[in-house]
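Here is a structure to work through by question and answer. Keep the viewer open as you read.

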Amino acid sequence: MDLFWAFAQFRKCFGSPYFAACKGTCRRMCKMLNAAAADRNKDPILAVLKSRVASDRPLVALEISSGTGQHVIHFAKAFPNISWQPSEIEAQSISSIEAYREYHKLQNVKPPIYLDVSQSWENWAGIQPESCDLIVNINMMHISPPTCTMGLFNGVGKILKPQGLLLTYGPYAFNGSITPQSNVDFDHSLRYRNPEWGLRDVTLLKTLGQENGLRLEEIVDMPANNKCLLFHKDSVV
Ligand SMILES: C[S@@+](CC[C@H](N)C(=O)[O-])C[C@H]1O[C@@H](n2cnc3c(N)ncnc32)[C@H](O)[C@@H]1O
């Protein structure tokens, strides 16, 4: 896990009312990590989902790189018709997702699975081809190596149903250019921390999508200079 991110989460947990209140019984709650960014962006992302995803028929969703589990719980409450599968590569995050799941007792959130998105989809915990209506990936591409971005599009192209939706969220570059300056600075700080990290270019993502049967249909402006990218699967690849 990104240590800086983990430390921020731990501080948040340690300083939270949960920690003070639960004392001996805090074990589960202390596993419930908190990412401030997830708290801030979960409602804007949910608004995008609500205007584009059906709420009146059963659907199957996979979240790739679920992080703490805050998003999947928030989305699952708003979409009881969707069976949500959270996933992560980091053991601490998997524990956090499971702790949130136990705490909220939502029937429509499955236990988290280990999923390394840089691996071929055949190694994604047995998820079957064309089994998902919706795949969500938030704030991962810029904070992981390019192999994760490539693995994401390769895998999603396989496991999404025809007409299924891939939603990605984060800051992006456009035609080699990053705006505003705060995103330029963020990109520099990411590359300083890890030369393989950095904002991904939407032009590249569009091409990667096309190569995997995914059509970039919409780019939605989001708060704090982020975007939602909405890809639809055209056909069987
Ligand atoms: C900035 S966090 C975002 C987490 C969460 N989506 C959110 O928005 O709060 C980036 C996440 O990418 C995950 N990640 C990094 N490499 C990965 C990989 N190879 N496969 C799956 N997830 C990965 C990390 O474990 C981490 O949870």
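The turns below go through this predicted model, from confidence to backbone details.

Q: What is the average pLDDT of the protein?
A: The model is predicted. Of the residues, 88% score at least 70. The average pLDDT is 91.

Q: Which residues come nearest to the ligand?
A: The shell around the ligand divides into 11 nonpolar, 8 polar and 3 charged residues. There are 22 residues around the ligand. Those that come nearest are Ser-65, Gly-67, Ile-89, Val-117 and Asn-139.

Q: Which residues have the most contacts inside the largest nonpolar core?
A: This core has 47 residues. Ile-135 touches Leu-62, Ile-64, Val-156, Leu-160 and Leu-166, leaving aside neighbours within four places in sequence. The residues with the most contacts inside the core are Leu-134, Ile-135 and Leu-166.

Q: Which residue in S8 is the bridge partner of Leu-167?
A: S6 and S8 pair in the antiparallel sense. Their pairing runs over 6 bridges. In S8, the partner of Leu-167 is Leu-230.

Q: How many bridges join S7 to S8?
A: S7 covers residues 214-222 and runs antiparallel to S8. Val-220 has Cys-228 in S8 as its bridge partner. The two strands form a hairpin with 3 residues between them, and Ala-224 in the turn has a positive phi of about 60°. The number of bridges joining S7 to S8 is 8.

Q: Where is the cis peptide bond that involves Pro-180?
A: Most peptide bonds are trans. Pro-180 sits in the loop between strand S6 (160-170) and helix H8 (181-193). Omega is near -15° for the cis bond, which runs from Thr-179 to Pro-180.

Q: Is Asn-175 buried or exposed?
A: Asn-175 lies in the loop between S6 and H8. Asn-175 is not a glycine, yet has a positive phi of about 50°. With 7 other C-beta atoms within 10 Å and a limit of 12 or fewer, Asn-175 is exposed.

How values were computed:
Residues are numbered from 1 along each chain as its sequence is written. This is a predicted model: local features need pLDDT of at least 70, side-chain atom pairs count only at pLDDT 80 or more; totals for chains, interfaces and linings use all residues. A residue is near a molecule or strand if its C-beta atom, placed from the backbone, lies within 6 Å of it. Ala, Val, Leu, Ile, Met, Phe, Trp, Tyr, Cys and Pro count as nonpolar, Asp, Glu, Lys and Arg as charged, and the others, Gly among them, as polar. A nonpolar core is a set of buried Ala, Val, Leu, Ile, Met, Phe, Trp, Tyr and Cys residues joined through C-beta atoms within 7 Å. A residue is buried if 20 or more other C-beta atoms lie within 10 Å of its own, exposed if 12 or fewer, and partly exposed in between; C-beta atoms are placed from the backbone. Two residues are in contact if their C-beta atoms, placed from the backbone, lie within 7 Å. pLDDT is the predictor's confidence in each residue, from 0 to 100. Helices (H or I, at least four residues) and strands (E, at least two) are DSSP runs, numbered from the N terminus. Two strands pair if DSSP finds at least two bridges between them.
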